[in-house]
Amino acid sequence: MSRTALRICPLCEATCGLVLTVDDDGKVTGARGDRDDVFSRGFVCPKGAAFPEVDSDPDRLRTPLVRVDGELREATWEEAFDAVAAGLRGVVERYGPHAVGVVLGNPNVHTMAGALYPPLLIGGLGTHSLFTASTVDQMPKHVSSGLLFGDANLIPVPDLDRTGHLLLIGANPLESNGSLCTAPDFPGRLKALKARGGTLTVVDPRRTRTARLADRHLAVRPGTDALLLAAIARTLFDEDLVDLGEAAPHLQGVAELSDALAGFTPEAVADACDVDAAVIRTLARELAAAPTAAVYARIGSCTVPHGTLASWLVDVLNALTGNLDRPGGALFPLAATDRTPRPTGPGRGFALGRWHSRVSRHPEAKGELPLSALAEEIDTPTEEGAPVRAVVAVGANPVLSAPDGDRLDKALASLDFMVSVDPYLNETSRHAHVVLPPPPPAQSPHHDFAFNTLAVRNQVRYTRPAVPLEPGRMAETEILARLVLAATGMHGADPSAVDDLVIQQTLGKAAGAPHSPVHGRDPKELAGLLTGDNGPERRLDMMLRLGPYGEGFGADPDGLTLEKLLAHPHGIDLGPLRPRLPRPLKTRSGKVELLPGPIAADLPRLRAALHERPDGLVLVGRRHLRSNNSWLHNVPALTGGSNRCTLHLHPDDAARLGVGDGQAVRVKGAGGEVTVPAEVTDAVRRGVVSLPHGWGHDRPGTRTRHASVNPGVNVNQLLDGSLLDPLSGNAVLNGVPVEVSPERADEPDMLTALT
């Protein structure tokens, strides 16, 4: 006999509800969309459908590994944490806390443990050496939001279900399922936009699946998104099309913004963007004329030299057209676990560069240093401070995700100590002295702390583990709690002490805050009211009670608690997004600051780009529907078909280079070169080539057997890590110059071999 269990899918940002089929042995044998899920309504993509294979991958590690005499061997959990405590504390005591680097990968935001414990680890260590996947992805959006709104995590999202006009830049949600915009069935939502008479415009150098759906596709020159957006904004000013709408009282710096954008006319940017000036003016006029409209941009506009300026201009356009913070425009979600809303008024603001990296003096952004700088922070001595001598990597594979993986590969091998929390022995974790494997996702609880702050509809869902922990496994929450204890000199303490301390401190702070629903109450009494089977559940219950929809420990009997959420296994719908300004703003002025100082200071660099043109081919990335960075290439159901590591190039470029479809080509960049099969297609514009991200599974010492069969190549090896967006420290991954040449004529047809 089999049974069913609910689970929120952790394999991309769409967070779809799943119904899992579980057999008598506790193995997940099937997955389908949950039609009763309040958010996803039964939608499922190939990744969600492949959940059983992901969950039962035989290459997942089952027990900890500890390095003994140079080799990783199976060990007990006690032995593993003994080694972690000795290794990390030894480095801290000898070199200081900044000699411990913490590296957080994308999977962290897809788990409860990844949301709850890494901040405690970083704070407990007291290290400034924090590196995350954000600086090879979305950090420009965090920085622009911090500068505009005073909060780096206050990101407006397009109101997909009510907008009438969507300008989408550098995003391909039909493949990625959306990013910084949590929306199950993103494709269906775009089709619904068109069905109700709306307009979809896509700006992308590739004719992606999303671009093929659009009413208009502009194949812009890679890396020029900020110029295009600046010209649209300039047109709004020049043609008297600016209408701030209801947000007008909350905006500051409109006149200064107009002056700052002088010179970015459509005619001035047309050649650089390779978009006709008349088309740019049409974009501006249509955006201004639409009853409701939203501008949304993603990774293609972030991973470029002017990523922060492009991210800033997206919200500038939403503001200038009256679409910021209004239904059908771009609004700020309100998650159930957000902090108790603070009183309206000025805040502390957002600062950049509070400290700098040791070698290249990169400024921190949002507490992070560029992931591109990790290798040099390990392998380069300076007179200022010790190099990074230990690394704690949690769900991270920077050898594949950061520029110049070969250098980082060597640097990691030189560390005094490294611990990886990872289910696989992959290209990065193979260097660890200790590997701590979390259990499969079916054996873990799930609540989306981060993605609910980016959701296109307010809702709350929680699923307990669908399958009990197998003997010998340890919950990921306990792994990370014990890691916090081991790293901070408290090794051997009960891991529940970590959660208890957080609860005590949070309730104590809430009881002392005048605007809190528990102001003046006894924190110990409040803690005694919390429910849940364990520390993480009690923390979730606390956050729900204190949150914007919470019952406030009795202040609102109809409000949210964990018990109420558990009584609604398919989730609770909290309604459409609503206008929220000015309450969430944390700028020093208490207003949206449209022209922050760091942005104004960076505009001359954008002006210089008006005269820049690439001499040869430039590289862009691409996403595949059945992939998520380097995670899923070991799952047979999610490889093959269109999910292949090939170099897309335009037929005219292929003919000029003498390259045939399927032929092996050598691609050379500043960081190195790779050999990859060519795929000739007019889906890329002339002068542009495209390689997918996350491949390169050919290093020795890994245990990912299926991924190693067709390893592909590491696109980031073409980069040397020197190209960064200066405001955010984000790596420049798109619009990078490369050289392409055919391999010898006697080389085999690589594309045929792949298929």
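A: The account below begins with the sheet and then turns to its helices.

This is a predicted model, in which local features need pLDDT of at least 70, side-chain atom pairs count only at pLDDT 80 or more, and totals for chains, interfaces and linings use all residues. Residues are numbered from 1 along each chain as its sequence is written, and side-chain values use heavy atoms, with hydrogens and water left out.

Seven strands form an open sheet in the order 5-4-17-16-15-6-7, and their pairing is mixed. Strands (E, at least two residues) and helices (H or I, at least four) are DSSP runs numbered from the N terminus, and two strands pair if DSSP finds at least two bridges between them. The edges are taken by strand 5 (71-74) and strand 7 (130-132), each with a single partner strand, so one side of each has no neighbour in the sheet. On average, neighbouring strands of this sheet are turned by 20 degrees against each other, direction ignored.

Leu104 has Thr132 in strand 7 as its bridge partner.

Helix 3 (residues 77-95) touches strand 4 (65-68), strand 6, strand 15 (390-394), strand 16 (417-421) and strand 17 (434-436). The direction of helix 3 makes about 125 degrees with that of strand 17. Helix 5 also packs on the sheet, where it touches strand 6, strand 7 and strand 15, and its direction makes about 165 degrees with that of strand 6. Such angles run from 0 to 180 degrees between N-to-C directions, and axes are lines fitted to C-alpha atoms, for helices over the stretch in contact.

Helix 5 (residues 118-125) has a further neighbour: its axis and that of helix 19 (residues 476-487) come within 9 Å and cross at roughly 0 degrees. Helix 5 and helix 19 are therefore roughly parallel, a term for angles under 35 degrees. From helix 5, Pro118, Leu120, Leu121 and Leu125 meet Leu480, Leu483, Val484 and Ala487 of helix 19. The residues of this contact comprise eight nonpolar, no polar and no charged. Here Ala, Val, Leu, Ile, Met, Phe, Trp, Tyr, Cys and Pro count as nonpolar, Asp, Glu, Lys and Arg as charged, and the others, Gly among them, as polar.

Definitions and conventions: Parallel < 35°, antiparallel > 145°, perpendicular 65-115°, else oblique. Contact = heavy atoms within 4.5 Å.
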